[in-house]
Structures are given as C-alpha cells and as structure tokens.
Amino acid sequence: MSKALIVTVGAVLSAAAISVEAQQPDFTGVYEGYRAPQGQGQGRAGGPGAGRAALPLTEEGKRRVAEYGVLSGPTRLNGATFCASYGVPAMMGLPGSYPIEFIQKPDQLTIIFEVNNETRRIYIGDRQLPAEQRLPSRTGYSAGHWEGNTLVVKTTDLLDGLDQGANAYSEQATIDERFSFEDVNGTKVLSYQATITDPIYYTEPIRFERRYQPYEGFVIPYACADELWYELLELRREQLKAGKPVEAHMSDVYKVREERE
Amino acid sequence: MAAKLKTFVAAACASALALCAAAAMAHHSAAQFDFGQRVTIEGTVKEFNVTNPHTWATVELTDDKRGTRDAQYEGHSASHFYRAGYTRDMVKVGDKIAILIAPRRDGEDGGFIQAFTVNGKTVGFGGLSPETGKRTDSASE
C-alpha cells in the first residue's frame, strides 16, 4: 500500500470519526425541571411519587417497602435531613426543585445535582473500570454509549435503595437510562428515562421519566455535612468561653438538632 | 406588615403550588407542620441561621396569652433562601421580623417559614426567579 493511500485512508477515517462525533448532542449546561406552559399539563409520564400502589412489587418487595415505612416512622424520616445523598435515580428527579448541571466530555458525562453537590459520572466508550474494582454507591457505576443522538447508560453497582421514594430498589438493581434532546412545545428539552430492573423488588421493570429545561441561574454551593462540623466547633467554642473542658462531640450536635425539631 | 406579607406569599405560591410543596417536602418530614394553614407571627430575632439542609430561627414573641418567650422556626435550605431573594446579613439579631408560617400541628409555638418581612423587605418562597424576582409561570413537574 502506498504511503499516499495510507494517508488518504487515514484522513477519510478521521473525517468519519469527527462526523460521527459531531452529530452527537452536547448536554453541557445547567437545567431545572421542565415547566409545561400553562394549560398544557405537566408533560410527565412518571417520577417520584408517581404511584406506589401501581408498582409491580414482589412479595419480598412489599415486605421491604412495609419495613421501610416502619423504619422511617410517623415523621417520615428523610436521609436528606441528615445530609445523605439522594442517589440514582432520585437525584435525577430534582427533589426540592434544585437545579442540576451536566458537563460533557467525549469520554465522560458528569452530572452534579445542587443538593449536597451530589455528583455522578457516566463513562462513555471503551475506557471502563473493571467490574471487580467498582465500589458500590448510591449513584452506582454508569457506563454509556451512543445510539444515534441518544446516550444510553447502564447503571449498576448500587447500594440498597430502600429509601428511594416510589423507586425503592435493592443492591441487585440495574438502571437503564436514556438521555436525549427533544422539542417540546418549541422548547429544547433534555429528556431522561430510567428503567429499573430489580428481581428483589419488582416482578417487571419500572419506569421513571423526567424532562429538564435550561436554567439561566447559577448553581449554589450546598454545604450540608459542613454545617455539622461548624456546629461542633461552635459548641466547643462555647465551652472554651465558659472555661469548661472542651469536649463536645458530634452526638451533642445531633442532640441540639433533635431538641430543635 | 402582616396583611401585606400574606398577600405577597399567596401571589407567589398560587401559580407554583407544587414547587412550594415540593421544596418543603424535599428535606423535611412535613408531618409536624400544617401546610394548609398560614399564620403570621411578629417578634424580635434572636437567631437566624440560613443553613442546609434547612434554616432555623429563634424569635422572641410577646403576647398577653403566653407572655414573653422564645419560639423556634424552621425554613427552607440556604439555596432556596438565596434564590428567593435573601441576601447576606439581611436579618440580624435584634431586628423586628414578621414571619408567615405553616404552624405546628400540636398548637405549640413554632412552624415552617413561608415568607418573612424584615426592615421593609419581604422574602417569600414560591418559585421566584433569583434573576428577575418575578414568579415563574407554572408549577414544576
């Protein structure tokens, strides 16, 4: 093969690669929940609280949901109150209506939810962490690839998601996710779909959908656990000022918080 | 001041009810507050901590029925406060404040902050744009 031909073939392949890359959308930006224009409904097919009664729970799923009801108690104890992260897909539902930021590179989509600065990383393409090296977490491990203009993601290696609202799942769950732009009423909307498959909780996969629209404002730093640390220092400062032994513990911070509730 | 405060929040929340409710529900077990009720309290600020996951304030109240005492109020997160128009040091110890609250169900002092007016400025939580200060068009999905 002549040198000229190799160069030509290389150039064509490069152009093809660029062409494929160019047609893939860039999700980079800050978003908020999609707001349907007045009178046009919410444009939502499902999501947190979409109806626990309709969920295809297995007997074990029913038992675990009932158990969590007892664990969370009459005050409906909420992990976010204790600065716990929401996890996937709960964070994708934008609980509390906080914004979410997407930062896209060719080999990674990074998603940051304002609350607790909760971050997830979707690795795109061939560079993936070997399964045995993945540390389970509430956001799981996410591997993505492109199918046309849609980023298709498989999220695994999750921790027990018993507290995930209407989308409770076990550590055996797999979440298949799809991200794409769509035109809704003339607005460029980022569409998110998640399908949770979990043999422990569900007899069939359950779906979770969300739409996002661009948000013009800023993401605000969200310190939560930091506040606990400051409160501990404040308790110790009070002891120091009072000439008492400086010995306050984090349990004392929680005691103050509980008395406040 | 109280009547004006109530009107302001009614307008802010009317078209964004879901947002008001969702924001309140996100971090809080709302069970102890009656979000169907609105009561305005007036008093003197003793503490006002705009923090995450929620804000809390101590206000000295005085009335004929219960005399003078401290009452504690919870509020939205620091993020929601700043988006709603709160600015640093807007509320200082010793300020006179009027707070529109969702009261406690048990009838005791305390409640969840829906809006407040201090030094002639009012902040309410109803999906207000931080950029324009105007309310948004419809409820969040």
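Helix 3 of chain A (residues 225-241) has 17 residues and should span 24 Å at 1.5 Å a residue; its end C-alpha atoms lie 25 Å apart, which agrees. The expected span is 1.5 Å times one less than the number of residues. Helices here are DSSP runs of H or I with at least four residues, strands are runs of E with at least two, and both are numbered from the N terminus. The model is predicted: local features need pLDDT of at least 70, side-chain atom pairs count only at pLDDT 80 or more, and totals for chains, interfaces and linings use all residues. Residues are numbered from 1 along each chain as its sequence is written, while chains are lettered from A and ligands numbered from 1 in the order in which they are written.

Helix 3 of chain A packs against helix 4 of chain A (residues 250-260) at an angle of about 100°, with the axes 9 Å apart. Helix 3 of chain A is therefore roughly perpendicular to helix 4 of chain A. The contact involves A:Leu228, A:Glu231, A:Leu232 and A:Leu235 of helix 3 of chain A, and A:Met250, A:Asp252 and A:Val253 of helix 4 of chain A. Axes are lines fitted to C-alpha atoms, for helices over the stretch in contact, and angles run from 0 to 180 degrees between N-to-C directions. Angles under 35 degrees count as roughly parallel, over 145 as roughly antiparallel, 65 to 115 as roughly perpendicular and the rest as oblique. Two residues are in contact if their C-beta atoms, placed from the backbone, lie within 7 Å. Just after helix 3 of chain A, A:Gly243 has a positive phi of about 75°.

Chain A is assigned two domains, domain 1 (23-214) and domain 2 (225-260). These bounds come from an automatic or database domain assignment. Taken over C-alpha atoms, the centres of domain 1 and domain 2 of chain A are 36 Å apart.

In total, chain A has 4 helices and 9 strands. From the N terminus, their order is α-β-α-β-β-β-β-β-β-β-β-α-α. Of the 261 residues in chain A, 27% are buried. A residue is buried if 20 or more other C-beta atoms lie within 10 Å of its own, exposed if 12 or fewer, and partly exposed in between, with C-beta atoms placed from the backbone. Among contacts in chain A between residues at least 6 apart in sequence, 55% join residues at least 24 apart.

The strands of chain A form a closed barrel of 9 strands, in the order 1-2-3-4-5-6-7-8-9, with mixed pairing. From one strand to the next, the twist averages 30°. Two strands pair if DSSP finds at least two bridges between them. Strand 5 (residues 141-147) and strand 6 of chain A run antiparallel and share 7 bridges. Here A:Tyr141 stands opposite A:Thr156. The hairpin of these two strands has 2 residues between them, and A:Gly148 takes a positive phi near 65°. Strand 6 (residues 150-156) also runs antiparallel to strand 7 (residues 174-184) of chain A, with 5 bridges. A:Leu151 has A:Phe179 in strand 7 of chain A as its bridge partner.

In a regular strand the side chains alternate between the two faces of the sheet. The covered face of strand 6 of chain A holds A:Leu151, A:Val153 and A:Thr155; the uncovered face holds A:Thr150, A:Val152, A:Lys154 and A:Thr156.

A:Ala36 sits in the loop between strand 1 (29-33) and helix 2 (59-72) of chain A. A:Ala36 counts as buried because 20 C-beta neighbours lie inside 10 Å. The C-alpha atoms of A:Ala36 and A:Thr187 are 9.7 Å apart, although 151 residues separate the two along the chain.

Chain B contains 3 helices and 6 strands. Along the sequence they follow the pattern α-α-β-β-β-α-β-β-β. Of its 141 residues, 45% count as buried in chain B. Of the contacts in chain B with a separation of 6 or more, 64% are between residues 24 or more positions apart.

Strand 4 of chain B (residues 96-103) is mostly covered, with 7 of its 8 residues buried. Strand 1 (residues 39-49) of chain B runs antiparallel to strand 4 of chain B and is joined to strand 4 by 6 bridges. Strand 5 (residues 111-118) of chain B is also antiparallel to strand 4 of chain B, with 7 bridges. B:Ile101 of strand 4 stands opposite B:Val39 and opposite B:Ile113 in strand 5 of chain B.
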